[in-house]
Amino acid sequence: MRRITSVLLVLGLLAGVGTAVAVAKAPGKTKPRAAKVQQRGLLPAAAAYLGVTPVALRTELRSGKSLAQVASAKGKSVDGLKTALVAAIKTKVDAAKAAGKLDAARADRLLQRAPQLVERLVNAKPRARAMRAKGARGGLLKAAATYLGVTNAQLVTDLRAGKSLAQVATAKSKSVDGLKQALLAALKQKVDAAVAAGRLDAARAQKLLERAPAHIERLVNRSRS
């Protein structure tokens, strides 16, 4: 579903570093928890540079501000913030290499990519984008639940039990193809609304809609088991 709403999502450095270490340890089995660990590691580094507590900085970010905007508002150099974050990443990468969790070649590649990834992280507005992404996922969940004739809560329970949307549909004697069409219609409605509001240009909207059927196919057949 992330890829379906890719216009609303930006992958930041926090996921990049944590994922790289996880992949080095177990290819193909990246866990979201690794990204959270790295986020907790970089957030204090940013907060220390900005002269605020991690809690205060998290509050600023959740209001929709970027790290760059927070730095400017506090009279801090954005370039200095980037340098501090790159240094924090280097410390983590060096520690992972010393602990045998990361080989030298992979560590070098991570450090080479760090400045570019930090650039994206500093200028991103993670919370605002996360809220929009959550809204998009919630919209598709509601569309699926409506088609299946269940409440959102009931559908979430089934999905958390390891069932796919296709399995839920079959169990309720609903057409899987009909479910896909309902989700595509819901997605198109959201994309059209984003275009009308000026949040998405027509060319990008067209690309999203062209890719939507393949993404919906994966979404409907994916399970947590």
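Predicted model: local features only at pLDDT ≥ 70, side-chain atom pairs only at ≥ 80, totals over all residues.
**View 1. Salt bridge between E60 and K65.** The two side chains meet with an N to O distance of 2.8 Å. K65 has a relative accessibility of 34% and therefore counts as partly exposed. This pair is one of 9 salt bridges that the structure holds.

**View 2. Salt-bridge network of E60, K65 and K74.** The view takes in K74, which is linked with E60 and K65 in a network of salt bridges. Within this network, the contact between the side chains of E60 and K65 is the salt bridge shown in View 1.

**View 3. Salt bridge between K90 and D94 in helix α5.** The side chains of K90 and D94 meet at 2.8 Å, N to O. Helix α5 spans residues 78-98, and because D94 and K90 lie 4 residues apart in this helix, about one helical turn separates them.

**View 4. Salt bridge between D158 and K163.** The closest N and O atoms of this pair are 3.9 Å apart, which is within the 4 Å cut-off for a salt bridge. D158 has a relative accessibility of 18%, so this residue counts as buried, the limit being under 20%. K163, in contrast, is partly exposed, with a relative accessible area of 37%.

Definitions and conventions:
Residues numbered from 1 in each chain as written. Heavy atoms only, no water. Buried < 20%, exposed > 50% of the residue type's maximum accessible area, 1.4 Å probe, protein only. Helix = DSSP H or I, 4+ residues; strand = E, 2+ residues; numbered from the N terminus.
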